[in-house]
Amino acid sequence: MLRLPQFEVVAPESVAEVVTALQRPGARVIAGGTDILPNLKHHLGTPAHPAELPPVLVSLSRVTALRGLVLDEAAGVLRIGSGVTLSQLSEHPEVQRRFPSLSQSAGAVASPPIRNMGTIGGNVNLDTRCRYVNQTHFWREALGGGCLKSEGNVCHVVPGGRNCVAAMSSDNVPVLISLDATIVQAGPEGVRALPIEEFYKADGLAHTNAKPGEVTTELRVPLPKGPRRSQYIKWSVRKSIDFPLVSVAVRFDLGEDEATVAAVKVVVGVLGSKPRTLSKLDDVAGKKLADPAVARMVADAAYAQCKPLENVPYEAAYRRDMIRVYTRRAVEALAAAGE
């Protein structure tokens, strides 16, 4: 049986009180608890020495200001409070109508009970994962002292590597990047907003640009200004529970005829500690979305630009093949939807 270590829980009722509580040594945010509690059971992120103080979990359960889901037509954005659950997000009629890929990604996380508890704020701050880290403490000890992300100083994925390459496995982050979303952070220095694509960095130990003591309060997704089609697709071992082994978010902005590609943005996840936005897709613009060449060109670009590592289950070469397959399927599904 995996037992939770000792920890203290505080439950502020406002964002300001959350920021104050996060100034305590070892304080960490807990929302739905679907990720942090299993990690604590595995003794990940717990104090290194028994003499240290137990971790402090700052619960967001009483902060009602984080639960809003508002379509702000005047500002041209969908405002999503970080406390909105994944079930609420996936089932919201306006999200389904205007942002189908976001509805799909939120509805693809784990299982219904987890989506009922897990929040979008927790999902965009999901810790990176690795097959050598997300194991029991006993299992990690058998490696001879853990790895860069746990108790040791060796990367078992890239021997001799100096950086942790644990993977970002969030379903929603690639989609939010593809939709040009903005993330809002509140902390000791005040409130700041930045493009969510800039929130992540290639460091598995500290994969976000969150400042000390900050908490995510809101996500803002710009409303479409014209015809658009978007799709999220992922491959995992099972249809529920499992984290994705490959994930692809696709967005096509279309011309007035709703058939010609004006712009395309594709974001691939589960590579390293941040998703990858594909480049060199300009040749797709001007073609008909239903043209079979479009799906082939986008899928080939994904295969060429994305090189998975052995940081999650299944061989990296096979996962790379699946990136091409699933990208093609996503584009073909969007093309078929317009027929």
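Contact here means heavy atoms within 4.5 Å. The model is predicted. In this model, V266 touches V248, A249, V250, R276, T277, L278, L281 and V298, leaving aside residues up to four places away in sequence.

V266 also belongs to the largest nonpolar core, which has 34 residues. V266 is among the residues with the most contacts inside this core, together with V250, F252, L278, L289 and V331. Several elements build the core. Strands β9 (228-235), β10 (246-254) and β11 (261-269) each supply at least two of its residues. The most comes from α11, which gives 8 residues. A second, separate core has 33 residues. Its members include I80, F99, V124 and Y200.

The axes of α10 and α11 lie 8 Å apart, at an angle of about 150°. Angles over 145 degrees count as roughly antiparallel. Helices α10 and α11 are therefore roughly antiparallel to each other. Their crossing is right-handed.

Residues from both helices form this contact. On the α10 side are V294, A295, V298, A299, D300, A302, Y303 and A304. On the α11 side they meet R320, D321, I323, R324, T327, R328, V331 and E332. By class, the contact of α10 with α11 has 9 nonpolar, 1 polar and 6 charged residues. Two of these names return from above.

Key
Residues numbered from 1 in each chain as written. Predicted model: local features only at pLDDT ≥ 70, side-chain atom pairs only at ≥ 80, totals over all residues. Heavy atoms only, no water. Core = buried A, V, L, I, M, F, W, Y, C linked by side-chain atoms within 4.5 Å. Buried < 20%, exposed > 50% of the residue type's maximum accessible area, 1.4 Å probe, protein only. Helix = DSSP H or I, 4+ residues; strand = E, 2+ residues; numbered from the N terminus. Axes fitted to C-alpha atoms, helices over the stretch in contact; angles between N-to-C directions. Parallel < 35°, antiparallel > 145°, perpendicular 65-115°, else oblique. Left-handed = near helix turned anticlockwise from the far one by under 90°. Nonpolar A, V, L, I, M, F, W, Y, C, P; charged D, E, K, R; others polar.
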